Amino acid sequence: MKKVDAIIKPFKLDDVREALSAVNITGMTATEVKGFGRQKGHTELYRGAEYVVDFLPKVKIEVVINEEQLDDCLEAITSAARTGKIGDGKIFVSSVEKVVRIRTGEEDEAAV
């Protein structure tokens with residue numbers, strides 16, 4: 001099993017959710033986060049004072065899937081989240097050793 005963490009622009013969340021549903025990936029967790037990469041934040045004006053916004057709002061999506069679904073998952077997220085501009089985000093893939101569904105006690109593939 002694989003865990004896919006994707007950091008995307010907040011307004012792309014619904015597009016990514018729909019794209020994942022289209023490739024039969026039904027479960028995901030989304031969290032509002034802040035961060036920066038090459039984008040490095042920006043300067044804003046508030047009540048006449050200029051200040052730097054170092055951390056930009058992003059959404060982190062977490063999905064645990066079977067290895068067979070990995071390529072479809074990556075393609076769905078990439079195509080749905082891409083704007084072509086700096087700050088589109090990143091995708092991280094890692095291995096998952098064990099999954100347990102708390103309600104039933106099911107493990108691994110049956111728990112996903």
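Thr26 counts as exposed, at 78% relative accessibility; here exposed means over 50% relative accessible area, buried under 20%, and partly exposed in between, with a 1.4 Å probe and protein chains only. The model is predicted, so local features need pLDDT of at least 70 and side-chain atom pairs count only at pLDDT 80 or more, while totals for chains, interfaces and linings use all residues. Residues are numbered from 1 along each chain as its sequence is written, and side-chain values use heavy atoms, with hydrogens and water left out.

Thr26 is found in the loop between helix 1 and strand 2. The helices (H or I, at least four residues) and strands (E, at least two) are DSSP runs, numbered from the N terminus. The C-alpha atom of Thr26 is separated by 9.7 Å from that of Val112, although the two residues are 86 residues apart along the chain. The loop between helix 1 and strand 2 (29-35) also holds Asn24. With a relative accessibility of 61%, Asn24 counts as exposed. Asn24 follows helix 1, and its phi is positive, about 65 degrees, although Asn24 is not a glycine. Another non-glycine residue with a positive phi is Asp108, at about 50 degrees. Asp108 lies in the segment after strand 6 (89-95) and is partly exposed, with a relative accessible area of 26%.

The account now turns to helix 1 itself. Which residues of helix 1 are buried? In this helix, which spans residues 13-22, they are Val16, Ala19 and Leu20. Seen down the axis of helix 1, these buried residues fall within an arc of 100 degrees, so they line one face of the helix; the arc is that of the directions from the helix axis to the C-beta atoms. An α-helix has 3.6 residues a turn, so residues three or four places apart point the same way. The cover over the buried residues of helix 1 includes strand 1 (2-8), strand 5 (56-65) and helix 2 (70-81).

Arg17 also has its place in helix 1. Its relative accessibility is 40%, and Arg17 therefore counts as partly exposed. The C-alpha atoms of Arg17 and Met28 are separated by 8.3 Å, with the two residues 11 residues apart along the chain.

Two packed helices are described by the angle between their axes and the distance between the axes. How do helix 1 and helix 2 lie, and at what angle do their axes cross? The axes come within 8 Å and cross at roughly 150 degrees. Such axes are lines fitted to C-alpha atoms, for helices over the stretch in contact, and the angles run from 0 to 180 degrees between N-to-C directions. Helix 1 and helix 2 are therefore roughly antiparallel to each other; angles over 145 degrees count as roughly antiparallel, under 35 as roughly parallel, 65 to 115 as roughly perpendicular and the rest as oblique. The crossing in which helix 1 passes helix 2 is right-handed, meaning that the near helix is turned clockwise from the far one by less than a right angle.

On the side of helix 1, the contact (heavy atoms within 4.5 Å) is made by Asp15, Val16, Ala19 and Leu20. Helix 2 contributes Cys73, Ala76, Ile77, Ala80 and Ala81. Of the residues in this contact, 8 are nonpolar, none is polar and 1 is charged. In this division, Ala, Val, Leu, Ile, Met, Phe, Trp, Tyr, Cys and Pro count as nonpolar, Asp, Glu, Lys and Arg as charged, and the others, Gly among them, as polar.

Ala76 has its place in helix 2 and is buried, with a relative accessible area of 6%. Neighbours within four places in sequence aside, Ala76 is in contact with Ala19, Leu20 and Val23. From Ala76 to Arg17 the C-alpha distance is 9.1 Å, across 59 residues in sequence.

Two strand residues complete the picture. Asp5 belongs to strand 1. Is Asp5 buried or exposed? Asp5 is buried, its relative accessible area being 12%. Apart from neighbours within four places in sequence, Asp5 is in contact with Lys60, Ile61, Glu62, Lys90, Ile91 and Phe92. Val93 belongs to strand 6 and is partly exposed, with a relative accessible area of 40%. Not counting residues up to four places away in sequence, Val93 touches Lys2, Lys3, Val4, Leu70 and Leu74. Val93 and Arg17 are 18 Å apart in space, C-alpha to C-alpha, and 76 residues apart in sequence.
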